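I opened the model this morning to look up a few things. My notes follow in the order I made them.

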Amino acid sequence: MELAYKKQNCAQLNETFIEKDVMLAGWASTIRDLGGIIFVELRDRTGLFQIVADPQINKEVHEVLSKIKPEYVIQVEGKVSKRPDETVNDKISTGKIEMYPTKVTVLASAQTLPFILEDDNVSEDIRLKYRYLDLRREKMMKNFQLRHDIVKAIRNYLNDLDFMEVETPILMNSTPEGARDYLVPSRLHDGKFYALPQSPQVFKQLLMVSGFEKYYQIAKCFRDEDLRADRQPEFTQVDIEMSFVDQDNVISMTEGLIENAFKAANVEVKAPFRRITYKEAMEKYGSDKPDTRFGLELFDVTDIMEASTFEAFKAVIAAGGTVRAIKVPGIANYSRKDMDDVRNLAISFGAKGLAWVTYMESGEVKSPVFKFLNEAQIEEIAKRADAQKGDIVFFVADKPKVVFDVLGRFRLYFGEKLNLIDKNLHDLLWVVDFPLFEYSEEEDRYVSVHHPFTAPALEDMDKLETDKGSVRSIAYDIIYNGNELGGGSIRIHNPETQKVVFKALGLSEEDIKLKFDFLVKAFEYGTPPHGGIALGLDRLVALLTRSNSIREVIAFPKNSQAKDLMNDSPSDVTEAQLRELHLKLRNPKLV
């Protein structure tokens with residue numbers, strides 16, 4: 001498409017354009033005056049191209065370029081020429097060519113920038129305050145080009161499989177499960193509120209009831225939760241639902257999607273990806289999103305400690321707890337301070353204490369735990385650990401959830417510290433057979449591990465009312481290098497089963513009727529078996545660009561305090577606005 005102010009893009013040019021007339025427009029990225037000859041690197045979305053002004057060749061052009069400053073927007077016209085061999089720049093794609101323009105037009109001036117675009121040490125808050133400038137940086141532009149390419153590949157893949165893209169509502173009712181909702185007061189309905197969707201879950205299931213059969217959406221979602229590097233108040237997910245499918249169908253479809261998305265980032269991965277159960281993931285790696293690029297697997301010593309005279313561990317076991325261990329190689333030379341730091345780390349992870357066995361390089365074995373063990377028990381620990389000289393074996397005793405969390409984080413800590421992780425690997429796997437429920441100490445009830453629409457495993461249906469904690473779900477998460485890319489499940493499509501699950505979650509008849517009556521009622525009109533998955537687009541792109549935060553791949557993100565420093569939101573509102581919404585603030589800060 002030919003534009004009014006430009007006919008070519010910078011990175012489009014190559015040696016085939018030599019002696020051809022071109023018209024470019026963009027930003028003056030860098031300006032250098034070398035003995036009266038001015039060199040300008042012109043930048044547009046695609047890349048850089050060098051402009052040269054020699055007063056002996058074109059005095060008028062030289063005069064214009066002598067007055068511009070960095071980030072001025074200019075238009076240039078002229079013929080492309082070959083650079084002299086000694087000035088070739090192999091670092092850019094247009095490094096063998098340049099232009100002595102015949103005409104330069106200033107389209108917009110620019111003030112002095114608050115930071116240097118090429119400076120990677122600028123604070124994130126400054127970058128976010130001037131995000132429109134930050135996005136001009138080459139790294140950021142590449143991030144968003146890749147995001148575009150990945151979304152394009154995903155859309156093409158799903159369109160080729162006859163999926164239909166459908167937009168679902170942003171204003172909906174609040175749900176009692178999951179993270180906190182963002183609430184939107186209604187002006188027309190006094191005292192009532194909409195909620196922004198945490199996901200399109202209910203609506204995509206209703207589309208299956210409606211007979212759409214194959215749906216997808218690049219969906220905006222909202223969650224009012226504490227922020228981390230991989231979370232934002234608003235985020236984007238690839239949302240998919242299919243009718244007449246089982247778990248294998250959804251997994252197979254998703255693997256093809258991931259192959260195509262990774263290919264857009266020039267990363268080759270090959271399906272099928274291996275599958276491990278939730279039980280295996282927790283017992284081996286202490287995590288339901290295990291990084292399996294390295295070893296340091298957990299192992300069970302509950303039976304050994306139960307037969308020992310170690311009363312502290314035995315009391316934990318008698319109360320339903322477990323004792324697990326992890327072997328860390330090559331750290332037997334740790335000092336007392338080092339071991340104090342390790343113990344404090346374990347406590348910061350939630351452990352009440354930490355025990356260990358040190359296998360010295362000299363062959364001596366040291367441990368305060370040994371006084372509680374006989375020789376056979378000591379030998380069995382060494383055997384299970386495959387302990388070698390220089391290793392330390394750490395033990396944690398507590399409730400299984402605590403033990404797995406502590407040792408799982410321990411494992412990641414030492415994996416990074418000891419450089420055991422091959423950062424060049426692209427390790428993809430599925431975790432399946434999740435529990436349907438988990439007990440929340442905080443809420444004193446069972447809650448959904450995924451969401452309340454997840455189907456129970458058929459063989460566990462009879463436990464829904466009698467043994468909730470052992471009910472498995474038909475749910476699956478896709479894991480990439482220890483990060484959850486997304487998760488999904490086969491859904492409940494029987495209204496009676498859905499009611500049983502709601503009740504198992506402690507929802508009253510009134511709650512069910514108030515929040516989900518429309519969904520349960522819809523299931524009564526002929527609902528096909530269906531299932532789906534949602535993939536975190538921001539996280540996927542961040543991982544493929546090796547970004548430290550998803551803020552690097554979201555155009556206008558909030559900072560770590562959920563604030564937009566550029567437009568100063570959230571912000572105060574006027575009293576008149578509050579009156580319209582039938583709201584009154586307890587401690588008003590009105591503008």
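Which strands and which helix each supply at least two residues of the lining of the second largest pocket? I found strand S1 (21-34), strand S2 (37-44), strand S3 (47-53) and helix H4 (138-160). I note here that the model is predicted.

**Entry 1: the pocket**

I looked up the volume of the second largest pocket, and it is about 880 Å³. I counted its lining next: 29 residues. Arg43, Arg45, Gly47, Glu138 and Met141 lie nearest the centre. H4 gives the most to this lining, with 7 residues. I then sorted the lining by class. It has 12 charged, 9 polar and 8 nonpolar residues.

**Entry 2: glutamate 71**

Where does glutamate 71 sit? I located it in the loop between helix H1 (59-67) and strand S4 (73-82). Is glutamate 71 buried or exposed? Its relative accessible area is 4%, so it counts as buried, the cut-off being under 20%. I also listed its contacts, leaving aside neighbours within four places in sequence. Among them are Trp27, Ala28, Ser29 and Arg136. Leu113 and Leu117 are also in contact with glutamate 71.

**Entry 3: salt bridges**

I searched the whole structure and got 42 salt bridges. Side chains of opposite charge can pair when their charged atoms come close. I checked three pairs by hand.

My opening pair was lysine 204 with aspartate 239, whose closest N and O atoms are 3.0 Å apart. Lysine 204 lies in helix H5 (residues 201-209) and aspartate 239 in strand S11 (residues 234-243), so the pair ties together parts 35 residues apart in sequence. Both lysine 204 and aspartate 239 are buried.

Next I took glutamate 241 and arginine 491, with closest N and O atoms 2.8 Å apart. This pair links distant parts of the chain, 250 residues apart. Glutamate 241 is in strand S11, and arginine 491 is in the loop between strand S22 (483-490) and helix H13 (495-504). Glutamate 241 and arginine 491 are both buried.

Then I turned to lysine 423 and glutamate 416, where the closest N and O atoms are 3.4 Å apart. Are these two buried or partly exposed? Lysine 423 has a relative accessible area of 40%, so I logged it as partly exposed. Glutamate 416 is partly exposed too, at 44%.

Last, I traced shared partners. Salt bridges join Asp120, Arg127, Arg131, Asp134, Arg137 and Glu552 into one network.

Definitions and conventions
Residues numbered from 1 in each chain as written. Predicted model: local features only at pLDDT ≥ 70, side-chain atom pairs only at ≥ 80, totals over all residues. Heavy atoms only, no water. Helix = DSSP H or I, 4+ residues; strand = E, 2+ residues; numbered from the N terminus. Buried < 20%, exposed > 50% of the residue type's maximum accessible area, 1.4 Å probe, protein only. Contact = heavy atoms within 4.5 Å. 1 Å grid on protein atoms, 1.4 Å probe; cavity = no way out; pocket = protein on both sides within 12 Å on 5 of 7 lines; lining within 4 Å. Points joined across faces, edges and corners; volume = space filled by probe spheres on them. Nonpolar A, V, L, I, M, F, W, Y, C, P; charged D, E, K, R; others polar. Salt bridge = Lys/Arg side-chain N within 4 Å of Asp/Glu carboxyl O.
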